[in-house]
Amino acid sequence: LAIKRGGSYKKVLQTYFMVMMETFHRGVALYAMARQTNKRLYKRHARKILRTIQGWIKKGNPNVRYYDWFLRAEEAALDRKRHATADELYNKAIVYTARAG
């Protein structure tokens, strides 16, 4: 469902702030499916969402920084050899979220 109807919410409500949150939650769901099934389909779509969020950061949106850290941690967690990196990124996201409120 996240793959079939993924971009429809963003297309309809382009300027609505909830689009950022919905995109993040879709990314988390896709990374969870990628971890459970180990299918490239989910990994590819999750990485596309990660690139979208990184694009928002490059354009100057400070409100999605912890989304980026969290999804990059999920990406690192998919690789069994990068657990230390994933742990560090999870901690960054937690600390930043706690400070930002």
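A salt bridge here is a side-chain nitrogen of Lys or Arg within 4 Å of a carboxyl oxygen of Asp or Glu. With that cut-off, this structure holds four of them.

First, the ground rules. This is a predicted model: local features need pLDDT of at least 70, side-chain atom pairs count only at pLDDT 80 or more, and totals for chains, interfaces and linings use all residues. Residues are numbered from 1 along each chain as its sequence is written, and side-chain values use heavy atoms, with hydrogens and water left out.

Two more terms. Helices are DSSP runs (H or I, at least four residues), strands are too (E, at least two), and both are numbered from the N terminus. For accessibility, buried means under 20% relative accessible area, exposed means over 50%, and partly exposed is in between (1.4 Å probe, protein chains only).

Start inside helix H2, residues 18–37. Glu22 and Arg26 join their side chains in a salt bridge, at 3.1 Å from N to O. How far apart do Glu22 and Arg26 sit in helix H2? Four residues, or about one turn of the helix. Now the accessibility. Glu22 has a relative accessible area of 23%, so it is partly exposed. Arg26 has 13%, so it is buried.

Next, Arg35 and Glu74. Their closest N and O atoms are 2.9 Å apart, and they form a salt bridge. This pair links distant parts of the chain. Arg35 is in helix H2, Glu74 is in helix H4 (residues 65–78), and 39 residues separate them. Is Glu74 buried or exposed? Buried, because its relative accessibility is 10%. Arg35, at 45%, is partly exposed.

Glu75 lies in helix H4 and Arg47 in helix H3 (residues 40–58), so the pair ties together parts that are 28 residues apart in sequence. Glu75 counts as buried because its relative accessibility is 16%. Arg47 is partly exposed, with a relative accessible area of 35%.

One last stop: Thr85. Look for it in helix H5, residues 83–100. Thr85 has a relative accessible area of 34%, which means partly exposed. Where does Ala73 come in? Thr85 and Ala73 are twelve residues apart in sequence. In space, their C-alpha atoms are 7.2 Å apart.

To recap the helix pairings: Arg35 to Glu74 links H2 with H4, and Glu75 to Arg47 ties H4 to H3. Glu22 and Arg26 both lie in H2.
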